[in-house]
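Please review the structure shown below together with its sequence. The briefing after it is organised by topic.

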Amino acid sequence: MIQDIVTVFIKEFKEILQMRGTKRSGWINILVVIGVMGVYMPLMSGREWVTNLLNPISFAWLPFFLVIGVVADSFAGERERHTLETLLASRLPDASILLGKIAAGVVYSLGIGITSLLIGGVVANLGSLEEGFVYYPLDFLGILWALSLLLALLMASLGTLVSLRASSVRQASQTLSLSMLVFWVGIFLVTRFLPEEARVLLSGFFTPERLPMFVAMVVLGLVVADAVLISVAMLRFKRSRLILD
Amino acid sequence: MNDVIVTQSLTRDFKTVRAVDHLTFQVPYGTVFGFLGPNGAGKTTTIRLLLGLLEPTGGTAHVLGFNSQSEGHRIREQTGALLEHPGLYERLSALDNLDFYGRVYHLPAIQRRSRIQELLEHLGLWERRHEPLAGWSRGMKQKVAIARALLHRPKLIFLDEPTAGLDPVAAVELRNDLAQLAEAEKVTVFLTTHNLSEAERLCGLVAIIRAGKLVAFGSPETLRSRRKNERVEIYGQGLEQSLLPWLDTHFGVRQAGLVNGHLELEWPGDRELSSLVRALVERGVGVEEVRRNKASLEEVFLDLVVDGDKEPYTA
């Protein structure tokens with residue numbers, strides 16, 4: 001099982017790297033993202049990048065967004081390029097195909113996110129080395145990586161689920177982008193039109209003492225959501241349906 | 001057990017359409033089996049059923065002794081397939097594609113490398129192994145797909161119209177490669193094709209299906225010999241258009257015509273041809289040469305598929 005997942009993962013990763021034509025353009029694409037998120041932005045922020053932890057917290061979302069571009073291609077791309085039926089006619093078990101594809105998307109996006117974060121921590125110090133070297137607190141890094149992983153997994157599972165049914169990569173991408181739009185507009189509307197009493201109640205809840213409990217609740221919620229989405233994707237993975245679609 | 005494939009009344013419906021209709025046949029080990037039929041006859045659906053990718057509506061299929069419905073994964077472990085499309089990852093090189101499928105079938109690294117080299121060298125593609133497949137011709141891609149199907153030395157391979165869409169030169173080349181590889185690998189081949197001469201050349205056993213139903217089964221030789229009429233060509237002087245109604249009146253020959261100055265006709269296999277030659281001579285025709293041609297598989301196919309009212313062959 002693990003060997004099969006790794007086999008699919010390696011193939012998917014090679015395909016992701018060559019998504020833009022050649023391996024070189026794939027690496028350039030990665031370096032551009034790391035250049036912006038891991039060099040330019042920390043350089044502009046300076047030491048505040050490492051001391052004010054709200055900045056790097058936004059990195060938890062980076063893999064979440066990066067993964068959309070690759071998971072939309074996972075099944076819809078195979079269907080579009082007529083490689084799906086041959087893959088399904090091989091000995092690979094259903095779970096290996098599905099988990100290998102999800103893993104490739106997660107590792108790709110998480111890899112870029114973590115690399116950018118780690119480099120950013122160093123780059124942020126460059127302008128003020130005389131004041132001593134400061135870096136993110138280790139517990140903060142641990143929580144951030146866990147959140148990044150769970151968010152990337154959430155999007156990868158959702159994206160794979162959408163890609164399973166989509167007839168083309170474009171359709172899968174559009175569906176995912178639309179669901180993102182609905183999600184963010186929803187959050188905006190809730191925060192914008194939340195009654196004053198509810199705001200006061202919430203701000204009373206989010207105290208520094210309650211932060212660990214809040215993080216634990218978020219992590220737990222994401223774990224459950226990931227597990228549910230992966231299970232649904234497994235249930236919807238039917239060779240006969242995939243072929244006839 | 002001598003049969004690699006055994007189907008019993010295999011049936012598959014799609015809503016109101018019956019794609020495969022009570023198919024019953026057996027394919028012995030080591031055979032190149034041709035599965036012939038027009039577009040939409042149910043060939044691809046049959047392959048999908050045999051690979052366990054679709055569930056039958058009725059009947060059963062056993063492939064390599066495994067039930068296609070409950071043991072599809074065991075079938076897919078021990079077979080190779082080149083389906084409707086080459087199914088290759090065009091962003092990747094030939095080497096990456098074959099390496100991926102080598103890993104899929106758990107070939108150890110050393111064995112995988114040597115096997116890929118062996119197949120690509122045989123197909124004349126080893127020098128180009130690092131190039132992405134996107135720029136390759138369809139014929140070359142089909143060769144890589146055949147290499148992929150044979151990579152793990154399966155006992156049975158399914159080839160769904162492997163030469164479709166190829167130019168004649170590429171088709172002949174691929175056919176030769178296929179014949180050599182099938183012989184060398186001692187693999188049973190389940191081949192669907194539109195190309196009747198291809199089937200005639202490669203296959204030891206053929207089945208013809210029409211609208212999901214089996215209408216003929218046997219060796220190409222047997223099927224040809226069961227044809228009721230034989231094609232006769234008569235060359236000579238004095239062959240004119242006026243002979244055609246005369247042939248109909250006196251010999252009941254309705255399918256006849258003058259082609260490039262010679263006479264071509266369908267002659268009932270159970271009648272003496274000498275009576276026709278004698279009568280022609282008596283009518284003043286200077287007969288110089290008479291050729292009796294065995295029916296081709298193509299003619300048998302057309303009889304069964306185009307003119308569906310004719311009696312089916314059951315060889």
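Predicted model: local features only at pLDDT ≥ 70, side-chain atom pairs only at ≥ 80, totals over all residues.

Residues are numbered from 1 along each chain as its sequence is written, chains are lettered from A and ligands numbered from 1 in the order in which they are written, and side-chain values use heavy atoms, with hydrogens and water left out.

**Nonpolar cores**

- A nonpolar core is a set of buried Ala, Val, Leu, Ile, Met, Phe, Trp, Tyr and Cys residues joined through side-chain atoms within 4.5 Å; buried means under 20% relative accessible area, with a 1.4 Å probe and protein chains only.
- The largest such core has 146 residues, of which B:Ile5, B:Phe25, B:Phe33, B:Phe158 and B:Phe190 touch the most other members.
- Helix H9 (residues 138-165) of chain A supplies the largest share of this core, 13 residues; helices (H or I, at least four residues) and strands (E, at least two) are DSSP runs, numbered from the N terminus.
- Another core, of 17 residues, lies apart from it and includes B:Leu239, B:Leu243, B:Leu247 and B:Phe251.
- Beyond its neighbours within four places in sequence, B:Phe158 is in contact (heavy atoms within 4.5 Å) with residues including B:Ile5, B:Ile47, B:Leu82 and B:Phe190.

**Sheet of chain B**

- Six strands of chain B make an open sheet of mixed pairing, in the order E6-E7-E8-E3-E9-E10; two strands pair if DSSP finds at least two bridges between them.
- At the edges, strand E6 (79-82) and strand E10 (213-218) of chain B each pair on one side only.
- Strand E3 (residues 32-36) and strand E8 (residues 188-193) of chain B run parallel and are joined by five bridges, with B:Val32 opposite B:Val189.

**Helix H10 of chain B**

- Helix H10 (residues 274-282) of chain B has B:Leu276, B:Ala279 and B:Leu280 as its buried residues.
- These residues lie on the same side of H10(B), because they cover an arc of only 100 degrees around the axis, taken from the directions from the helix axis to the C-beta atoms.
- Their cover includes strand E11 (229-237), helix H9 (243-251), strand E13 (262-268) and strand E14 (286-293) of chain B.

- B:Gln142, in helix H5 (residues 138-150) of chain B, counts as buried at 1% relative accessibility.
- A:Ser96, in helix H8 (residues 94-123) of chain A, is buried at 0% relative accessible area.
- Leaving out residues up to four places away in sequence, A:Ser96 touches A:Met1, A:Asp4, A:Ile5 and A:Val8.

Terms used: Buried < 20%, exposed > 50% of the residue type's maximum accessible area, 1.4 Å probe, protein only.
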